[in-house]
Amino acid sequence: MDELERELRDLGAWLEPAASPEVVDRVRARLAAPPRRRWRYWMAATLAATLVAVLPPGRAAVAGAVTGLLRFAGVVVDTSATPAPPTGTPSPLPGQRPVALVEAQRQVRFPIRVPTRLGPPERVLVADPDGAGAYRVASLFWRAGALRLDAFDGTLDIAFHKQAAGADVTFTQVHGDFAIWVGGPHALAYVDRGGTVRVATARPAAATLIWQDAGVSYRLEGDLTQGEALDVAGSLD
């Protein structure tokens with residue numbers, strides 16, 4: 001089985017039977033039967049389009065794995081090309097400033113939850129305020145900044161762009177819901193409210209777990225194994 005066929009079968013595991021049973025059954029049947037080689041790329045395009053049609057919005061982005069571009073939980077993960085590593089000192093996110101945790105909770109429009117596995121954060125930042133002063137992103141830090149949890153409203157547009165060619169990008173679950181694990185160093189940049197990738201913010205990022213819970217998107221980054229990251233994510237209080 002080659003890499004493309006493996007990706008298609010992985011995507012089939014995330015189909016929602018309740019959405020459209022007859023379409024889901026047809027897609028799963030196609031995934032189960034190895035396509036003839038001359039039809040591989042035609043089948044890939046057809047299956048990707050069908051998956052987008054039958055998956056709920058939060059998971060439809062997974063179909064982009066066929067083309068190397070995933071959009072999920074306010075994060076784009078691009079595995080299609082190897083980027084040049086970021087150089088120099090990255091710029092802070094727009095309007096970024098340090099605050100106490102209790103103050104950060106008052107300044108964002110979503111609940112800030114702390115993983116019990118990590119305890120109270122050592123430092124908290126908020127960034128990118130709107131016209132009313134509500135910040136878009138809250139970042140919590142532990143281990144002298146080596147472990148980071150970004151939280152932001154998952155109903156908003158893309159907030160982070162990852163260039164992860166060569167990294168181990170796999171599908172997993174947090175509390176039974178879809179999540180993405182980027183298991184290696186990659187480039188990360190911030191996408192502002194206008195949809196512009198802030199190239200100046202680009203920095204090397206460590207292994208990262210991306211998931212959503214109750215409408216809030218999370219990215220946990222640091223020197224963690226996938227199992228350790230899932231354990232931390234599962235302990236959000």
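Which strands do the buried residues of α6 pack against? They pack against β8, β9, β12 and β13, where contact means heavy atoms within 4.5 Å and buried means under 20% relative accessible area, with exposed over 50% and partly exposed in between (1.4 Å probe, protein chains only). Let's walk through the model from there.

A few conventions come first. This is a predicted model, in which local features need pLDDT of at least 70 and side-chain atom pairs count only at pLDDT 80 or more, while totals for chains, interfaces and linings use all residues. Residues are numbered from 1 along each chain as its sequence is written, and side-chain values use heavy atoms, with hydrogens and water left out.

## The chain as a whole

The protein chain has six helices and 13 strands; helices (H or I, at least four residues) and strands (E, at least two) are DSSP runs, numbered from the N terminus. Of its 237 residues, 49% count as buried. The accessible surface comes to about 11300 Å², and 54% of that belongs to carbon and sulfur atoms; such areas come from the Shrake-Rupley method with a 1.4 Å probe, and for residues only the protein chains shown count as cover. Among contacts between residues at least 6 apart in sequence, 59% join residues at least 24 apart.

## The sheet and its helix

Eight strands make up an open sheet, in the order β3-β4-β5-β6-β13-β12-β9-β8, with antiparallel pairing. The edges are held by β3 (97-98) and β8 (169-174), each with a single partner strand, so one side of each is left without a neighbour in the sheet. Two strands are said to pair if DSSP finds at least two bridges between them.

| Strands | Bridges and sense | A residue pair |
|---|---|---|
| β4 and β5 | six, antiparallel | Arg 123 opposite Phe 141 in β5 |
| β9 and β12 | four, antiparallel | Trp 181 with Leu 209 in β12 |
| β12 and β13 | six, antiparallel | Thr 208 opposite Glu 221 in β13 |

β12 and β13 also form a hairpin with two residues between them, and Ala 214 in that turn has a positive phi of about 55°.

Helix α6 (residues 226-233) lies across β8, β9 (177-182), β12 (208-213) and β13 (216-221), running at about 35° to β8. For that angle, axes are lines fitted to C-alpha atoms, for helices over the stretch in contact, and angles run from 0 to 180 degrees between N-to-C directions. The buried residues of α6 are Ala 229, Val 232 and Ala 233. Seen down the helix axis, these buried residues fall within an arc of 100°, so they line one face of α6; the arc is that of the directions from the helix axis to the C-beta atoms. An α-helix has 3.6 residues a turn, so residues three or four places apart point the same way.

Arg 219 lies in strand β13. What is its relative accessible area? The value for Arg 219 is 0%, which counts as buried. Its side chain makes polar contacts with the side chains of Asp 150 (2.7 Å) and Glu 221 (2.9 Å). A polar contact is a pair of N or O atoms within 3.5 Å; within protein, one must be able to donate a hydrogen and the other to accept it, and residues adjacent in sequence count only if both atoms are side-chain atoms. Not counting residues up to four places away in sequence, Arg 219 touches several others, among them Arg 148, Phe 160, Lys 162, Arg 203 and Thr 208.

Trp 142 lies in β5 and is buried at 3% relative accessibility. A polar atom of its side chain lies 2.9 Å from the backbone oxygen of Gly 119, and the side chain of Trp 142 also reaches the backbone oxygen of Pro 120 at 3.3 Å. The C-alpha atoms of Trp 142 and Leu 118 are separated by 7.6 Å, though the two residues are 24 apart along the chain. Beyond four places in sequence, the residues that Trp 142 touches include Val 114, Pro 115, Pro 121 and Leu 149.

Ala 134 sits in the loop between β4 and β5. At 8% relative accessibility, Ala 134 is buried too. Its C-alpha atom is 5.3 Å from that of Val 108, a residue 26 places away along the chain. Ala 134 touches Gln 107, Arg 109, Asp 128, Pro 129 and Arg 193, leaving aside residues up to four places away in sequence.
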